[in-house]
Amino acid sequence: MGKSSTVFVGMDVHKESIELATADEGEARHYARIGGEAVSVDRAVRKPRSVHRELGFVYEAGPCGVWIYRRLRAQGLACMVVSPSMIPRRAGELDPIYVPDAKDEAMRDLVRTREDAVCMQRQSRQRLQALLLRNEIRYVGKTAWSAAHRRWIAGLKLPDAAQQIAFEEYVTAVEEAGARLERLAQAIGAQLEHWRWRPLVCALQALRGISAIHAVRIVAELGDFTRFVSPRKLMGYLGMIPSEDSSGSRRRQGSITKAGNSSARRALVEAAWAYAHPARVSWVIARRQTGLTQSTTDLAWKAQLRLCARFRRLAARGLPRNKVVVAIARELSGFIWAIARQVKPLT
């Protein structure tokens, strides 16, 4: 008996189990329930693969990652990962999401670990400050967590022995969080030396407000920029385009959608604050631009001239500061797209 035509296999992936359903030209049918480990997936694939000429696997992206995708593709099978927010349609009409290669995903995991460490450092500092505030201990200096502030903290003594123990524990937590951030920054720098996107990371640092950490974070989160056919597509992926509530001839736009990649969006918003000042190439930016192509540095200067002027115009109109920064971040993403299209990864 010959093998039948293409059959699509839908996978509902959970932590401990996977539900399988098949669909060809007829209706979908439940096929099996298997374990969530790799051995179960391999075993479940064997029988339908021996019966059908072509198999196409589809499942939603989720907390279990994309190891199933990579495993099935390594076996020569077609596989597609789709967004959980996608409206269900026929299997042949689904649009896959971008799946980074293993090395890019590993770099992204390292960058996200640093993001988590930043959050833990902030929380540790807030807890220490809350303890001091409850005891009417206030720092009268200008800048918190400067060298002077840390010396002031080191000389504090709380009135009760139990409170002093709590204070010392909070101080230790702050110090450990800072040390963890330093270790992760060094690890990112070491991994960057061998990463295929290192030329792009260097090129993006030509832009004002984008340091090495910002550049790595943006590239690790967005991956291959060639998948965005226009700057508008990138802005939409970042969730930085206005939401819309239109009906008939009426068109109403609201706040940004905040869809897509929130980490890259936050990195761009942080970088956008740098354009509140007049355009200039500081010695820091000049040093980062050393060795870059003329077209890259020209784009970076064009971005400064445009975005710094636009920041001033929007601020002069009395717009809230956060709206101004988001507008600048949206345009900044367009310049990032333009630079990324010029830079090729290492082979």
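The model is a predicted one.

I will start with the cavities. Rolling a probe the size of a water molecule over the atoms shows where empty space is left. In this model the count comes to 2 cavities of 30 Å³ or more.

The largest cavity holds about 60 Å³ of space. Which residues line the largest cavity? The lining consists of Val9, Met11, Leu20, Thr22, Tyr31, Ile34, Val41, Ala44, Val45, Pro48, Phe57 and Leu72. Four elements each give at least two residues to that lining: strand S1 (7–13), strand S2 (17–23), strand S3 (29–35) and helix H1 (38–51). The largest share is from H1, with 4 residues. Sorted by class, the lining of the largest cavity has 11 nonpolar residues, 1 polar residue and no charged ones.

The second largest cavity has a volume of about 30 Å³. Around this second cavity are Val111, Arg114, Glu115, Ile188, Ile213, Val216 and Arg217. Helix H3 (102–134) and helix H7 (212–222) each contribute at least two residues to the lining. The classes here are 4 nonpolar, no polar and 3 charged residues.

Now to the largest pocket. How much space lies in the largest pocket? The volume is about 1,000 Å³. The pocket is lined by 33 residues, and the closest to its centre are Ser83, Ile97, Tyr98, Arg227 and Tyr237. At least two lining residues come from each of H3, H7 and helix H8 (231–237). H3 supplies the largest share of the pocket lining, 5 residues. By class, the pocket lining has 16 nonpolar, 8 polar and 9 charged residues.

Two packed helices are described by the angle between their axes and the distance between the axes.

The partner of H7 here is helix H9, residues 262–272. The two axes come within 9 Å and cross at roughly 150°. An angle over 145 degrees counts as roughly antiparallel, so H7 and H9 are roughly antiparallel to each other. Is their crossing left-handed or right-handed? The crossing of H7 and H9 is left-handed. On the H7 side the contact involves His214, Arg217, Ile218, Glu221 and Leu222. On the H9 side are Ser263, Ala264, Arg266, Ala267, Leu268, Glu270 and Ala271. By class, this contact has 6 nonpolar, 2 polar and 4 charged residues. Arg217 of H7, which meets H9, is also one of the residues lining the second largest cavity.

The last pair is helix H11, residues 294–316, and helix H12, residues 321–340. Their axes come within 10 Å and cross at roughly 165°. H11 and H12 are therefore roughly antiparallel to each other. The crossing of H11 and H12 is right-handed. From H11, the residues in contact are Thr296, Leu299, Lys302, Ala303, Arg306, Leu307, Arg310, Phe311, Leu314 and Ala315. They meet Arg321, Val324, Val325, Ala327, Ile328, Glu331, Leu332, Phe335, Ala338 and Ile339 in H12. By class, the contact of H11 with H12 has 14 nonpolar, 1 polar and 5 charged residues.

Terms used:
Residues are numbered from 1 along each chain as its sequence is written. This is a predicted model: local features need pLDDT of at least 70, side-chain atom pairs count only at pLDDT 80 or more; totals for chains, interfaces and linings use all residues. Side-chain values use heavy atoms; hydrogens and water are left out. On a 1 Å grid over the protein atoms alone, a cavity is a set of points where a 1.4 Å probe fits but cannot get out, and a pocket is an open set with protein on both sides within 12 Å along at least five of seven lines; lining residues have an atom within 4 Å of a point. Grid points are joined across faces, edges and corners, and a volume is the space filled by probe spheres set on the points. Ala, Val, Leu, Ile, Met, Phe, Trp, Tyr, Cys and Pro count as nonpolar, Asp, Glu, Lys and Arg as charged, and the others, Gly among them, as polar. Axes are lines fitted to C-alpha atoms, for helices over the stretch in contact, and angles run from 0 to 180 degrees between N-to-C directions. Angles under 35 degrees count as roughly parallel, over 145 as roughly antiparallel, 65 to 115 as roughly perpendicular and the rest as oblique. A crossing is left-handed if the near helix is turned anticlockwise from the far one by less than a right angle, and right-handed if clockwise. Contact means heavy atoms within 4.5 Å.
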